Amino acid sequence: MRRVLSILLGALVLAAAVQASIPSADKIAGAIAEANDLAGRAKPLLLGVELRISGGGASAVGEIATHPTGLARLELRSPQGFVERHLLLGDQYQASRDGELLASPHPFLPPVFLLQATSGAALAAALSSFGVAGQEVVLGRLEDYDCYVFGGRRYPGPMETEALLPSLWIEMESFEPVRIVRSDGTEYRLGPIEVFDGIRLPSWIEIQTPALRARLDILHASRADAPAAAFVSDWLRSAPPAE
């Protein structure tokens with residue numbers, strides 16, 4: 001019994017020491033904002049994307065407009081002729097198809113604004129709006145990446161798998177994002193960084209839910225004239241411009 005208690009105490013002391021070695025959330029957030037600025041993405045952006053579902057052929061093409069203040073919208077044009085629009089305001093997600101609101105839309109629109117914060121305070125506000133506990137930072141590992149995890153983790157027992165909390169996973173050396181998790185468990189995994197006309201962005205974003213596997217390939221990117229007023233619910237119901 002004493003040996004078991006000694007082992008448990010040692011584990012607790014080690015965990016406390018590791019946690020104490022992690023920089024503060026504010027310091028890490030500031031470093032992320034600096035990396036965003038150097039990457040050229042801390043401004044409103046327009047991204048050309050191609051959506052592929054379950055490893056198949058091209059399902060749709062479209063554009064993401066994204067704003068550093070916590071706003072994003074996606075328009076997808078299907079080969080079948082319909083248009084889907086997705087709107088993300090913090091953690092509020094809405095979508096429509098040909099102007100009709102969808103009751104249970106697929107989460108095709110990632111919170112790209114979490115890659116665009118212009119300051120540590122702005123990142124903290126964006127994380128809060130997305131349901132992430134931004135002042136809680138722990139360590140995590142994703143494939144080959146050692147990460148800072150904003151929002152924390154649940155540690156599984158011996159017979160359990162890890163349950164993901166709403167979180168932002170940041171690679172420790174580059175301060176680049178590698179994973180974003182929504183409050184409903186939807187997971188966005190971000191691919192290797194590529195430079196698009198001077199803007200550093202993930203080359204693709206994988207979307208994972210229990211019922212869906214999809215991927216957004218980023219084809220091109222540019223700075224955009226996208227005021228916050230462009231991200232409103234009325235846009236979901238308006239007719240797309242004629243091509």
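Student: Which residue stands opposite E187 of strand β11?

Tutor: In this predicted model, strand β10 (residues 177-181) and β11 pair in the antiparallel sense over 3 bridges. The two strands form a hairpin with 5 residues between them, and G185 in the turn has a positive phi of about 95°. The residue opposite E187 is V181.

Student: Which residue of strand β14 is the bridge partner of Y188?

Tutor: Strand β11 also pairs with β14 (residues 204-209), in the antiparallel sense and over 4 bridges. Within β14, the bridge partner of Y188 is I207.

Student: Are the residues on the two faces of strand β11 buried or exposed?

Tutor: Strand β11 spans residues 187-190, with E187 and R189 on one side and Y188 and L190 on the other. Both faces are covered, and these four residues are all buried.

Student: Why does E84 count as buried?

Tutor: E84 lies in strand β4 (residues 83-89). Leaving aside neighbours within four places in sequence, E84 is in contact with residues including L74, L76, L102 and F108. The cut-off for buried is under 20% relative accessible area. E84 counts as buried because its relative accessibility is 8%.

Student: With which residue does the side chain of E84 meet in a salt bridge?

Tutor: The side chain of E84 makes a polar contact with the side chain of H86 at 2.7 Å. A salt bridge, however, requires a side-chain nitrogen of Lys or Arg within 4 Å of a carboxyl oxygen of Asp or Glu. At 2.5 Å, N to O, the partner that meets E84 in a salt bridge is R97.

Student: How many residues apart in sequence are the parts that the pair of E63 and R77 ties together?

Tutor: E63 forms a salt bridge with R77, with the closest N and O atoms 2.9 Å apart. E63 lies in strand β2 (residues 58-67) and R77 in strand β3 (residues 71-77), so the separation of the parts tied together is 14 residues.

Student: Which residues are linked with E50 in a network of salt bridges?

Tutor: The structure holds 14 salt bridges. The network that contains E50 links this residue with R52, R215 and D217.

Methods:
Residues are numbered from 1 along each chain as its sequence is written. This is a predicted model: local features need pLDDT of at least 70, side-chain atom pairs count only at pLDDT 80 or more; totals for chains, interfaces and linings use all residues. Side-chain values use heavy atoms; hydrogens and water are left out. A polar contact is a pair of N or O atoms within 3.5 Å; within protein, one must be able to donate a hydrogen and the other to accept it, and residues adjacent in sequence count only if both atoms are side-chain atoms. Contact means heavy atoms within 4.5 Å. Buried means under 20% relative accessible area, exposed over 50%, partly exposed in between (1.4 Å probe, protein chains only). Two strands pair if DSSP finds at least two bridges between them.
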